[in-house]
Amino acid sequence: LPPPDLEAKGVKFEYDDLFARRGEPKPLWEVQVQGRFKKMPEGNVFLAGELRDGPMELGLVTRAICRAILKVIGAIAKNRGTELVHSFGTSDGERPLLGFYLMSSD
């Protein structure tokens with residue numbers, strides 16, 4: 001959506017078509033996050049996503065398919081010299097997560 005102050009003044013917003021998902025080039029979205037550590041981290045820094053609810057309630061077949069997919073992705077990561085960590089969560093309070101070394105995100 002265009003900034004409201006420009007729209008009220010009748011100024012055309014340059015990216016209207018992209019925000020409406022039309023026009024050329026077709027919009028491709030990317031999220032970039034930038035930050036700074038207050039002190040130099042020691043060891044490996046992971047980038048991970050964690051779900052609030054846990055553990056994941058997956059059926060037998062769904063869990064098997066997910067494990068197979070994660071195993072293939074883990075093997076690819078290992079060939080690239082990195083590691084993929086994942087968990088479906090446990091009844092002991094561990095939350096479901098998926099993570100990898102920050103330095104391997106390219």
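This is a predicted model: local features need pLDDT of at least 70, side-chain atom pairs count only at pLDDT 80 or more; totals for chains, interfaces and linings use all residues.
Local features need pLDDT of at least 70 and side-chain atom pairs pLDDT 80 or more, while totals for chains, interfaces and linings use all residues. Residues are numbered from 1 along each chain as its sequence is written, and side-chain values use heavy atoms, with hydrogens and water left out.

The protein chain contains three helices and three strands, in the order α-α-β-α-β-β from the N terminus. Helices (H or I, at least four residues) and strands (E, at least two) are DSSP runs, numbered from the N terminus. Of the 106 residues, 12% count as buried; buried means under 20% relative accessible area, exposed over 50%, and partly exposed in between (1.4 Å probe, protein chains only).

One aromatic pair was found in a search of the whole structure. The ring centres of Phe46 and Tyr101 are 4.7 Å apart and the ring planes stand at 45°, so the pair is tilted. Rings of Phe, Tyr and Trp (its six-membered ring) pair if their centres lie within 6.5 Å; planes under 30 degrees apart count as stacked, over 60 as edge-to-face and the rest as tilted. Phe46 belongs to strand β1 (residues 46-50) and Tyr101 to strand β3 (residues 97-101), so that distant parts of the chain, 55 residues apart, are linked. Phe46 counts as partly exposed because its relative accessibility is 37%.

The structure also holds one salt bridge, defined as a side-chain nitrogen of Lys or Arg within 4 Å of a carboxyl oxygen of Asp or Glu. Arg95 and Glu50 form this contact, at 3.4 Å from N to O. Arg95 is in the loop between β2 (84-87) and β3, whereas Glu50 is in strand β1, 45 residues apart. With a relative accessibility of 40%, Arg95 counts as partly exposed.

Leu60, Val61, Ile65, Ile69 and Ile73 make a nonpolar surface patch of about 520 Å². Patches are made of residues with over 30% relative accessible area and no salt bridge; like charges are joined within 9 Å, and nonpolar side chains (Val, Leu, Ile, Met, Phe, Trp, Tyr) within 5 Å. Accessible areas come from the Shrake-Rupley method with a 1.4 Å probe; for residues, only the protein chains shown count as cover. Ile73 lies in helix α3 (residues 60-79) and, at 40% relative accessibility, counts as partly exposed.

Ile73 is also among the residues that line the largest pocket, including Arg80, Leu98 and Phe100.

Note on methods:
On a 1 Å grid over the protein atoms alone, a cavity is a set of points where a 1.4 Å probe fits but cannot get out, and a pocket is an open set with protein on both sides within 12 Å along at least five of seven lines; lining residues have an atom within 4 Å of a point.
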